[in-house]
Amino acid sequence: MNQIVDKALRGVALLKVSNIRHWTDRTFSFDCERPQGFRFRSGEFAMIGLIVDGKPLLRAYSIASPSWDDELEFYSIKVEDGPLTSRLQHLKEGDEIVMRPKPVGTLVHDALLPGKRLFLFSTGTGIAPFASVIRDPETYEKFDQVILTQTCRDVKELDYGKHLIESIKTHEFLPEIVGDKLTHIATTTREDSGQMGRMTDWIRDGRLAGAVGGDLNPESDRVMICGSMAMLKDHKEICEERGFVEGSNSEPGHFVIEKAFVD
Ligand code: A2P
């Protein structure tokens, strides 16, 4: 890892990339070095990108790895004409990305009041911050039950999440911490799978309550939401209808939201 001294690039770190995995035509993930002394809270995002024409081209990316990990992991969409992802998707082992090491975000425990169940609602690459949160021991110290949901159009798009859950089960120390507290609900909307439908529909028609033993309730439940603008709006509406109050770092509440990376 090099700290760049060039004036235009001051404040960004160069990080070597490894373990690039193309999950579908539309998504890929990769690991990279973690800058020395770089601290973040699980669920936060940082500005990462590439040097283009001598300048850093950066976008907000959720850090998918947990805060205890030596490496950083990112999960990205590929957008054909996206200024960054059209380039980033061609990363090769040993290439370098740039990162501004100033993590921020609201999908963090500090923005939520204490509760019993933690719901993590995601669509598509919105699962990334929750890949971090569900591998953080603090999550299981704070909650009795953790429910991660991901809705995608097609079955293959669920592979990253399925692999993530499997990797927790076979991890050296996580199984003992996670125990039987983690539930994963993966649904599709456009291709037939065992479980179909948007999670917003599952909540409204009682399927989610049936699957986890009770409807969303601000007394006991806390919610983090990450996905497209439309998805955030609908989930937020559902939370507010039930009396949930939105939280922030300065004023913790019952639910928090964040837009998933888009281009
Ligand atoms: P659908 O196929 O019914 O649109 P996208 O790739 O467009 O971001 O969508 C990812 C997933 O999120 C899809 O399964 C999509 O369902 C679902 N989705 C899109 N909009 C919403 C919404 N407003 N509320 C809940 N889920 C949504």
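Which pocket is the space taken by the ligand? The ligand takes the space of the largest pocket. A pocket here is found on a 1 Å grid over the protein atoms alone, as an open set of points where a 1.4 Å probe fits, with protein on both sides within 12 Å along at least five of seven lines. A molecule sits in a pocket if more than half of its atoms lie within 2 Å of the pocket's grid points.

The model is predicted, and local features need pLDDT of at least 70, side-chain atom pairs count only at pLDDT 80 or more, and totals for chains, interfaces and linings use all residues. Residues are numbered from 1 along each chain as its sequence is written, and side-chain values use heavy atoms, with hydrogens and water left out.

Around the ligand stand R26, T123, T151, C152, R153, T189, R190, R198, T200, A230, M231 and D234, where being near means having a heavy atom within 4 Å. By class, this shell has five charged, four polar and three nonpolar residues. Helix α8 (229-241) and strand β9 (145-152) each supply at least two of the shell residues, and α8 gives the largest share, three residues. Helices (H or I, at least four residues) and strands (E, at least two) are DSSP runs, numbered from the N terminus.

Some of these residues make polar contacts, which are pairs of N or O atoms within 3.5 Å. An N or O atom in the side chain of R153 is 2.9 Å from an oxygen atom of the ligand. R198 places a polar side-chain atom 2.9 Å from a ligand oxygen atom. A230 takes part through its backbone, with a polar atom 3.2 Å from a nitrogen atom of the ligand. On its own the ligand has 550 Å² of accessible area, and the protein covers 82% of this, by the Shrake-Rupley method with a 1.4 Å probe.

The largest pocket has a volume of about 640 Å³, the space filled by probe spheres set on the grid points. Its lining, made of residues with an atom within 4 Å of a point, counts 26 residues, with T123, G124, T151, R153 and S228 nearest the centre. β8 (117-123), β9, α6 (199-204) and α8 each give two or more residues to this lining. The largest share, four residues, comes from α8.

The second largest pocket has a volume of about 240 Å³. It is lined by 16 residues, and N19, D31, E73, R135 and H163 are the closest to its centre. Here α4 gives the largest share of the lining, four residues.

Conventions: Polar contact = N/O pair within 3.5 Å; in protein donor to acceptor, adjacent residues only side chain to side chain. Nonpolar A, V, L, I, M, F, W, Y, C, P; charged D, E, K, R; others polar.
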